[in-house]
Amino acid sequence: MDLPKTIRVGVADFKVLRKKNPSDGNDNVLGWFKMADQELCVGTRMSDLRQVETFVHELLHCLMNEAGLHEQGNDHGIIDPLTISLMHFLMENDLGWLNKYFKEKWNERYR
Ligand SMILES: [Zn+2]
């Protein structure tokens, strides 16, 4: 399963790490995110769908912290249902139009 090597969140580029065991010795940890180190990690010992879901989950932690919502961004009572909602949205919608729109806007702006 390919994931991006880096993602930009705010003004920071976050490394996307892949590890068989994201947390050594704890099989329940599927991934993690570290704001200070600008890294997130997604485990590789699960289905592709679960890897994408874990990526989205860690990304939501990252986005909410970047937005200054530190308490909510670390609350799995918020992150877990948002992960499911966003996964469904991403699965059920073709976002090619959005990529096209942003690419055109980017080209207009920085041409
Ligand atoms: Zn989490």
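## Helix H4

Helix H4 covers residues 96-110, and at 1.5 Å a residue its 15 residues should span 21 Å; the end C-alpha atoms are 21 Å apart, so the two values agree. H4 is hardly covered. Among its 15 residues, the count of buried ones is zero.

The model is predicted.

## Overall layout

The protein chain holds four helices and four strands. Along its principal axes, the C-alpha trace spans about 50 × 30 × 25 Å.

Of the 111 residues in the protein chain, 17% are buried. Take the contacts between residues at least 6 apart in sequence: 44% of them join residues at least 24 apart.

Strand S1 is formed by residues 6-9, and strand S2 by residues 12-19. The two pair in the antiparallel sense, over four bridges. Val-9 stands opposite Ala-12, which belongs to S2.

Two residues lie between the strands of this hairpin. Gly-10 has a positive phi there, near 65 degrees.

## The nonpolar core

Nonpolar side chains tend to be buried together in soluble globular proteins. In this model, the largest nonpolar core has nine residues. They are Phe-14, Phe-33, Leu-40, Cys-41, Val-42, Phe-55, Leu-59, Leu-60 and Cys-62. Strand S4 (39-43) and helix H1 (48-66) each supply at least two of the core residues. H1 gives the largest share, with four residues.

## Val-42 and its surroundings

Val-42 is part of strand S4. How is Val-42 classed, as buried or exposed? Val-42 counts as buried because it has 26 C-beta neighbours inside 10 Å, and the cut-off is 20 or more.

Which residues does Val-42 touch, leaving out those up to four places away in sequence? The set is Leu-3, Val-16, Arg-18, Gly-31, Gln-51, Thr-54, Phe-55 and Glu-58. Phe-55, also a member of the nonpolar core, touches Leu-3 as well as Val-42, again not counting residues up to four places away. His-57 is 15 residues from Val-42 along the chain, and their C-alpha atoms are separated by 9.7 Å.

Methods
Residues numbered from 1 in each chain as written. Predicted model: local features only at pLDDT ≥ 70, side-chain atom pairs only at ≥ 80, totals over all residues. Expected span 1.5 Å × (residues − 1). Buried ≥ 20, exposed ≤ 12 C-beta atoms within 10 Å, placed from the backbone. Contact = placed C-beta atoms within 7 Å. Pairing = 2+ DSSP bridges. Core = buried A, V, L, I, M, F, W, Y, C linked by C-beta atoms within 7 Å.
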